[in-house]
Amino acid sequence: MPVKHRVLVTGAGGFIGHHLVRRLKAEGCWVRGVDIKGPEYEATAADELELLDLRKYDNCLLATRGGIEQVYNLAADMGGIGYITASRADISRNNILINAQMLEASRLNAVSRFLFSSSACVYAQSKQRGADVTPLREEDAYPADPEAGYGWEKLFTEELCRYYWQDYRFDTRIVRFHNVYGPLGTYEGGKEKAPAAISRKVALALDGGEIDIWGDGEQTRSFMYVDDCVEGLLRLMASDYRDPLNLGTDRLISINELVDLVSEIGGKRLTKRHDLSKPQGVRGRNSDNNRLRQTLGWEPSVSLEEGLNVTYRWIENELRHAGRLSNILTARSAD
Ligand code: NAD
């Protein structure tokens with residue numbers, strides 16, 4: 001792929017941004033990363049990493065200075081369902097500030113292409129009431145009824161990108177991610193997502209012990225490995241497609257099944273304890289990949305078994321290095 005550009009990745013200290021920077025460098029790009037924090041688990045591969053708060057407009061101008069050609073705008077205040085349900089005002093305000101000002105600063109600094117990372121949380125909630133959900137096509141975001149806070153803010157920024165094209169011919173790309181997972185992502189502290197949280201819980205559990213699950217575990221999702229996510233991002237940026245595009249897998253799996261898969265990878269037999277007081281988000285959500293296939297001639301291909309295996313081993317290793325696995329005996333061996 002001929003992408004030897006000067007590129008800015010915002011959110012470069014975060015999960016997807018960190019992986020994207022590494023890939024862009026491997027493709028021969030010059031990369032500036034910007035974030036309010038550095039990556040937690042590994043040094044960045046970026047040519048420069050600047051710590052800037054992108055809620056401030058002057059910082060957005062700084063971030064996009066110096067002949068940047070492409071912007072991957074991944075910076076966002078976000079987390080798993082617990083976090084996005086608990087902090088709607090902060091998330092909405094922070095992300096609207098980042099997105100609106102990054103768009104304007106990129107336009108004024110003559111960036112030639114701007115990619116906005118949207119989310120499957122933009123989809124109408126009324127279309128996600130059953131666990132056996134029909135995969136969501138891009139047009140299913142309307143009539144608008146997205147996830148409160150985070151989903152509204154993403155949907156509004158999608159619109160803003162369209163207006164920038166209409167009014168200024170400022171060239172934008174809009175990707176709707178469906179649950180990205182992989183190594184080097186947050187796995188505890190409240191911002192982690194289901195695959196990382198489950199991997200941590202399985203790694204820390206006693207064989208024969210119990211595992212806590214949010215909701216009844218029959219809620220369904222699809223999950224995409226981070227390498228596929230990065231590949232899709234590069235392909236979308238290189239394409240001439242300006243409308244929102246799903247980027248995810250279309251293999252639907254319940255949270256209970258996900259727990260079974262991770263437990264098998266971890267070699268543990270665990271009893272599920274369901275906590276119905278915890279938020280579980282929409283009942284079912286899957287990606288319709290028809291437009292993705294048509295537009296990019298490609299779709300994610302890393303299997304959940306393969307991707308979870310790498311993710312689980314990485315989290316297990318992190319916990320071992322932190323000295324948190326050394327005392328774990330199996331429930332049976334402790335008897
Ligand atoms: P992440 O939280 O790991 O990365 C986001 C980064 O943005 C963080 O490093 C954070 O420090 C940074 N950031 C937050 N506020 C900032 C500010 N004011 N100034 C500068 N940087 C700031 O999340 P991620 O999983 O890598 O997600 C990247 C993008 O993809 C986000 O826009 C997110 O909404 C979107 N997305 C992710 C998923 C997923 O499953 N991971 C799903 C849907 C959408």
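Q: Which residues touch the most other members of the largest nonpolar core?
A: This is a predicted model, where local features need pLDDT of at least 70, side-chain atom pairs count only at pLDDT 80 or more, and totals for chains, interfaces and linings use all residues. Residues are numbered from 1 along each chain as its sequence is written, and side-chain values use heavy atoms, without hydrogens and water. A nonpolar core is a set of buried Ala, Val, Leu, Ile, Met, Phe, Trp, Tyr and Cys residues joined through side-chain atoms within 4.5 Å; buried means under 20% relative accessible area with a 1.4 Å probe, protein chains only. Of 58 residues in the largest core, those touching the most other members are Val9, Leu20, Leu24, Tyr72, Phe177 and Leu233.

Q: In what order do the seven strands of the open sheet lie?
A: Strands pair if DSSP finds at least two bridges between them. The pairing here is parallel. β3 (48-51) and β11 (244-247) are the edge strands, each pairing on one side only. The order is β3-β2-β1-β4-β5-β6-β11.

Q: What is the bridge partner of Gln70 in β5?
A: Strands β4 (residues 70-73) and β5 (residues 113-119) run parallel. Four bridges join them. The partner of Gln70 is Arg113.

Conventions: Helices (H or I, at least four residues) and strands (E, at least two) are DSSP runs, numbered from the N terminus. Buried means under 20% relative accessible area, exposed over 50%, partly exposed in between (1.4 Å probe, protein chains only).
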